[in-house]
Amino acid sequence: MRGTGESDKPQGGYDKKNLARDIYELLRHLGHTSAYIAGEDIGSQVAYSFVVNHAEATRRLALWETGHPTELFNELRMLPQEGQPARGGSRSTCSTGS
């Protein structure tokens, strides 16, 4: 993700929606139309934003160690991008293990 490791460190664009868009653009650049998306901790927020904003490019979603659900799912910056309708979870599943 931008700003991590040896990647460029732009002044802005670190919100979850932009980070998800970066991943989407990389996926398309590599010639893929969809992918399995997984995320842990803060990466789970980016993964969730990817699925919300790019449902057509999501095969399945796996999240773990996400933190409190209200922190993950209710942040405005993870809502669909302007002009895109919100999409249901028909292409992804969510389950809890025991």
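This is a predicted model: local features need pLDDT of at least 70, side-chain atom pairs count only at pLDDT 80 or more; totals for chains, interfaces and linings use all residues.
User: Which helix is serine 44 in?

Analyst: Serine 44 lies in helix α2.

User: And what does the side chain of serine 44 reach?

Analyst: The backbone oxygen of aspartate 41, at 2.4 Å.

User: Let me step back. How many helices and strands are there?

Analyst: The protein has three helices and two strands. Starting from the N terminus, their order is α-β-α-β-α.

User: How much of the protein counts as buried?

Analyst: Of its 98 residues, 30% count as buried. The accessible surface is about 6,700 Å², and carbon and sulfur atoms account for 51% of that.

User: Which residues make up the largest nonpolar core?

Analyst: There are 12 residues in that core, among them Leu19, Tyr24, Ile37, Phe50 and Leu61. At least two core residues come from each of α1 (16-29), β1 (35-40) and α2 (42-53). In soluble globular proteins, nonpolar side chains tend to be buried together.

User: Tyrosine 24 is on that list. What is tyrosine 24 in contact with?

Analyst: Setting aside neighbours within four places in sequence, tyrosine 24 is in contact with Phe50, His54, Glu56 and Ala57.

User: On to α1. Which residues of α1 are buried?

Analyst: In α1 the buried residues are Lys16, Leu19, Ala20, Tyr24 and Leu27. Viewed down the helix axis, the buried residues of α1 fall within an arc of 145 degrees, so they line one face.

User: Why would residues three or four places apart point the same way?

Analyst: Because an α-helix has 3.6 residues a turn.

User: What do the buried residues of α1 pack against?

Analyst: They pack against β1 and α2.

User: And which exposed residues sit on the face turned away from the buried side of α1?

Analyst: Arg28 and His29 are the exposed residues carried on that face.

User: What span should α1 have, and how far apart are its ends?

Analyst: With 14 residues at 1.5 Å a residue, α1 should span 20 Å. The end C-alpha atoms of α1 are 20 Å apart, so the two values agree.

Conventions:
Residues are numbered from 1 along each chain as its sequence is written. Side-chain values use heavy atoms; hydrogens and water are left out. A nonpolar core is a set of buried Ala, Val, Leu, Ile, Met, Phe, Trp, Tyr and Cys residues joined through side-chain atoms within 4.5 Å. Buried means under 20% relative accessible area, exposed over 50%, partly exposed in between (1.4 Å probe, protein chains only). Helices (H or I, at least four residues) and strands (E, at least two) are DSSP runs, numbered from the N terminus. Contact means heavy atoms within 4.5 Å. A polar contact is a pair of N or O atoms within 3.5 Å; within protein, one must be able to donate a hydrogen and the other to accept it, and residues adjacent in sequence count only if both atoms are side-chain atoms. Accessible areas come from the Shrake-Rupley method with a 1.4 Å probe; for residues, only the protein chains shown count as cover. The expected span of a helix is 1.5 Å times one less than its number of residues. The arc is that of the directions from the helix axis to the C-beta atoms.
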